[in-house]
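Please open the structure in a viewer and keep the sequence at hand.

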Amino acid sequence: FRKRYGFLYDEELPSEKKDKQLKSGSGPSRNSDAEILADHKKKEREAAKRGKQPFYLKKSEIRERKLVQKYNELKASGKLESFMEMKRKKNASKDARKIVACLLRLSIPSFLGGPSSKASSVGRGELKRVK
């Protein structure tokens, strides 16, 4: 019994150990929405004390602030250029895939011998798929 259920006799359950490991990580928790909202609420309380009307953040504004925060962190650590280069490559490959898909979508009816195949000048053997 103790071999199989030894975790019951431990002070911390295995799930609690995992939670502590996740909380101790310094990864995406720094950029969390909750942190941005807490910072904004703190500033709004100070402004409300001075008599200003409070305003609430939209989701788009939260996303923008997360991006700005990520940009500043990358710039401070010196990894901004490599991050932007990877982002450019990723977007370029996405664009290439979308262009190929669009071209295939436009020429497939004539390729498959559909109703518009007689009016089209593209024959069955002329269209090649690009991978």
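The stops below cover a helix, the salt bridges and a charged surface patch.

This is a predicted model, in which local features need pLDDT of at least 70 and side-chain atom pairs count only at pLDDT 80 or more, while totals for chains, interfaces and linings use all residues. Residues are numbered from 1 along each chain as its sequence is written, and side-chain values use heavy atoms, with hydrogens and water left out.

**First stop: helix H3**

Select residues 59-77, which form helix H3. Helices (H or I, at least four residues) are DSSP runs, numbered from the N terminus. The expected span of a helix is 1.5 Å times one less than its number of residues. For the 19 residues of H3 this gives 27 Å, and the end C-alpha atoms are 27 Å apart, so the two values agree. Next, select Gly-78, which follows H3 and has a positive phi, near 80°.

**Second stop: the salt bridges**

How many salt bridges does a search of the whole structure find? There are 3, a salt bridge being a side-chain nitrogen of Lys or Arg within 4 Å of a carboxyl oxygen of Asp or Glu.

Select Asp-33 and Lys-66, whose closest N and O atoms are 3.4 Å apart in a salt bridge. Asp-33 belongs to helix H2 (residues 33-49) and Lys-66 to helix H3, so this pair ties together parts that are 33 residues apart in sequence. By relative accessible area (1.4 Å probe, protein chains only), buried means under 20%, exposed over 50%, and partly exposed in between. Asp-33, at 36%, is partly exposed, and Lys-66, at 30%, is partly exposed.

Move to Asp-39 and Lys-43, a salt bridge with its closest N and O atoms 3.7 Å apart. Both residues lie in helix H2, 4 residues apart, about one turn of the helix. An α-helix has 3.6 residues a turn, so residues three or four places apart point the same way.

Then select Glu-85 and Lys-89, which form a salt bridge with the closest N and O atoms 3.8 Å apart. These two residues both lie in helix H4, 4 residues apart. Glu-85 is partly exposed at 41%, whereas Lys-89 is exposed at 51%.

**Last stop: a positive patch**

Finally, select Lys-70, Lys-87, Lys-90, Lys-94, Arg-97 and Lys-98, which form a positive surface patch. Such a patch joins like charges within 9 Å, using residues with over 30% relative accessible area and no salt bridge. Helix H4 (residues 80-111) gives the most to the patch, with 5 residues. Lys-98 lies in H4 and is exposed, at 57% relative accessibility.

Methods:
Patches are made of residues with over 30% relative accessible area and no salt bridge: like charges are joined within 9 Å, nonpolar side chains (Val, Leu, Ile, Met, Phe, Trp, Tyr) within 5 Å. Accessible areas come from the Shrake-Rupley method with a 1.4 Å probe; for residues, only the protein chains shown count as cover. Lys and Arg count as positive and Asp and Glu as negative; His and the chain ends are not counted. The place of a charge is taken as NZ of Lys, CZ of Arg, CG of Asp or CD of Glu.
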